[in-house]
Amino acid sequence: YHSIYGLVMIRINAYTDMKEFLAPGGAVSRAMSGFEARPEQVQMACAVQKSLLDGRRLAVEAGTGVGKSFAYLIPAVDIVSRGGGKVIVSTFTITLQEQLINKDIPFLQACMPQQFNAVLAKGRGNYLCKRRLKFAVEKQKMLFDRDRRSKSIFCFSTANLSRRLQR
């Protein structure tokens with residue numbers, strides 16, 4: 001609640017109603033042809049919203065086709081856009097990372113009234129580091145067709161790393 005001139009109290013933190021947003025005729029349905037409202041998705045979105053507002057942990061198990069991505073992204077975006085901090089979404093697969101960053105998030109940026117940004121940060125296991133490449137070249141020459149090819153990969157990666165460090 002916020003006080004205006006010390007006399008009137010109004011409630012400003014009116015968060016998005018997940019039931020309306022994910023309902024037939026709601027924002028998602030209007031933006032996505034063929035969207036089917038799913039009670040499990042609405043239930044999960046409401047639980048995620050409540051847990052974020054209450055600052056509590058939540059574990060959810062839901063089957064295929066429930067719409068889990070939207071069920072956690074929509075309340076997260078809604079709360080963060082109202083000053084609720086930042087949200088980190090951690091996925092187990094690169095495929096889901098790509099789906100979120102290339103499909104789901106751009107769709108929500110287009111249909112949600114709130115403006116928000118999202119970035120993808122991949123784990124270090126997705127990159128080739130100089131130390132691991134050198135180890136592979138020295139110890140596992142069988143991984144490469146020719147020694148010349150492995151040396152050229154190593155030289156290329158070293159040159160790129162040096163250029164990045166100079167920036």
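## Arginine 82 and aspartate 78

Arginine 82 is partly exposed, at a relative accessible area of 38%. The model is predicted. In this model, the side chain of arginine 82 meets that of aspartate 78 in a salt bridge, with 2.9 Å from N to O. Aspartate 78 has 0% relative accessibility. Aspartate 78 counts as buried because the limit for that class is under 20% relative accessible area.

## Lysine 50 and aspartate 54

The structure holds two salt bridges. Lysine 50 and aspartate 54 form one of them, and their closest N and O atoms are 2.6 Å apart. Both residues lie in helix α3. They are four residues apart, about one turn of the helix.

How accessible is lysine 50, exposed or buried? Lysine 50 counts as exposed because its relative accessibility is 52% and the class begins over 50%. Aspartate 54 is partly exposed, with 40% relative accessible area. Side chains of opposite charge can pair when their charged atoms come close.

## Packing of α3 and α4

Two packed helices are described by the angle between their axes and by the distance between those axes. Helix α3 spans residues 39-54, and helix α4 spans residues 68-80. Their packing angle is about 35°. Their axes lie 8 Å apart. The crossing of α3 past α4 is right-handed.

By class, the contact has 11 nonpolar, two polar and two charged residues.

## The chain as a whole

The chain has seven helices and two strands. From the N terminus, the order is β-β-α-α-α-α-α-α-α. Both α3 and α4 belong to this series of helices.

The chain has 167 residues, and 26% of them count as buried. Its accessible surface comes to about 12700 Å². Carbon and sulfur atoms hold 54% of that surface. Among contacts with a separation of 6 or more, 55% join residues 24 or more positions apart.

How values were computed: Residues numbered from 1 in each chain as written. Predicted model: local features only at pLDDT ≥ 70, side-chain atom pairs only at ≥ 80, totals over all residues. Heavy atoms only, no water. Buried < 20%, exposed > 50% of the residue type's maximum accessible area, 1.4 Å probe, protein only. Contact = heavy atoms within 4.5 Å. Areas by Shrake-Rupley, 256 points an atom, 1.4 Å probe, with all protein chains shown as cover. Axes fitted to C-alpha atoms, helices over the stretch in contact; angles between N-to-C directions. Left-handed = near helix turned anticlockwise from the far one by under 90°. Nonpolar A, V, L, I, M, F, W, Y, C, P; charged D, E, K, R; others polar. Salt bridge = Lys/Arg side-chain N within 4 Å of Asp/Glu carboxyl O.
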